[in-house]
Amino acid sequence: MKCIIVTASVHHGNTKKIVDAIAKEFDVDIVDATSVKEKDLTEYDLIGFASGVYGFNLHKAIIEFATKNLPDNKKIFLISTSAMNKDFSQSFMDAIATKNPTVAGKFSCHGYNTFGPFKLVGGTSKGHPDEKDIANAIDFYKEMIKY
């Protein structure tokens, strides 16, 4: 199975830690959507989108990349890191709905956050993603490649 993960990790590198750990264990291509705007994804069997959460949404570069490059009817998965560890993927899913993707799964975990007023208190979710978060992400990816 040929897999790629499209990522945007710009605040503290939380999402990058997760994606790098997966790439260390598995043969997966990585593309940074904040610097690469176009890529032919037709050859991939599984496409992951990994992002921190910015203003209750996945990074705008991920949304723009997917709307421009995601082929129709592809199998995808999502990875996100945020201070609140919630699913913030709805705007992303709405943006790619016409591409009719099959969502194999979604993974989220806490990520260190010092945005806005959180900086005044030293941030939230310090130390995350931690080793347990990373191990859970690797287990999640193992399930994705079985799907």
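# A guided reading of the predicted chain

At 1% relative accessibility, Y141 counts as buried, where buried means under 20% relative accessible area, exposed over 50% and partly exposed in between, with a 1.4 Å probe and protein chains only. This is a predicted model, in which local features need pLDDT of at least 70 and side-chain atom pairs count only at pLDDT 80 or more, while totals for chains, interfaces and linings use all residues. Residues are numbered from 1 along each chain as its sequence is written, and side-chain values use heavy atoms, with hydrogens and water left out.

The chain contains 4 helices and 6 strands; helices (H or I, at least four residues) and strands (E, at least two) are DSSP runs, numbered from the N terminus. Read from the N terminus on, the elements follow the order β-α-β-β-β-α-β-α-β-α. Of the 147 residues, 48% count as buried. Contact means heavy atoms within 4.5 Å, and among contacts between residues at least 6 apart in sequence, 78% join residues at least 24 apart.

The buried residues of helix 4 are D133, I134, A137, I138, F140, Y141 and M144. They cover an arc of only 160 degrees around the axis, which puts them on the same side of helix 4; the arc is that of the directions from the helix axis to the C-beta atoms. On the other side of this helix, E131, K132 and K146 are exposed.

The aromatic residues come next. A search of the whole structure finds 5 aromatic pairs; rings of Phe, Tyr and Trp (its six-membered ring) pair if their centres lie within 6.5 Å, and planes under 30 degrees apart count as stacked, over 60 as edge-to-face and the rest as tilted. The rings of F26 and Y141 have centres 4.9 Å apart and planes at 55 degrees, so this pair is tilted. Because F26 lies in the loop between helix 1 and strand 2 (29–32) and Y141 in helix 4, the pair ties together parts that are 115 residues apart in sequence. F26 is buried as well, with a relative accessible area of 19%. Another tilted pair is formed by F107 and F140, with ring centres 5.6 Å apart and planes at 35 degrees. This pair links strand 6 (residues 102–110), which holds F107, to helix 4, which holds F140, across 33 residues. F26, F77, F107, F140 and Y141 form one aromatic cluster.

A nonpolar core is a set of buried Ala, Val, Leu, Ile, Met, Phe, Trp, Tyr and Cys residues joined through side-chain atoms within 4.5 Å. The largest one has 23 residues, and I47, F49, I76 and F92 have the most contacts inside it. Helix 2 gives the most to this core, with 5 residues. Not counting residues up to four places away in sequence, F92 touches F49, L58, I62, I63, A66, I76 and L78. A second, separate core of 21 residues includes A21, L46, A104 and F140.
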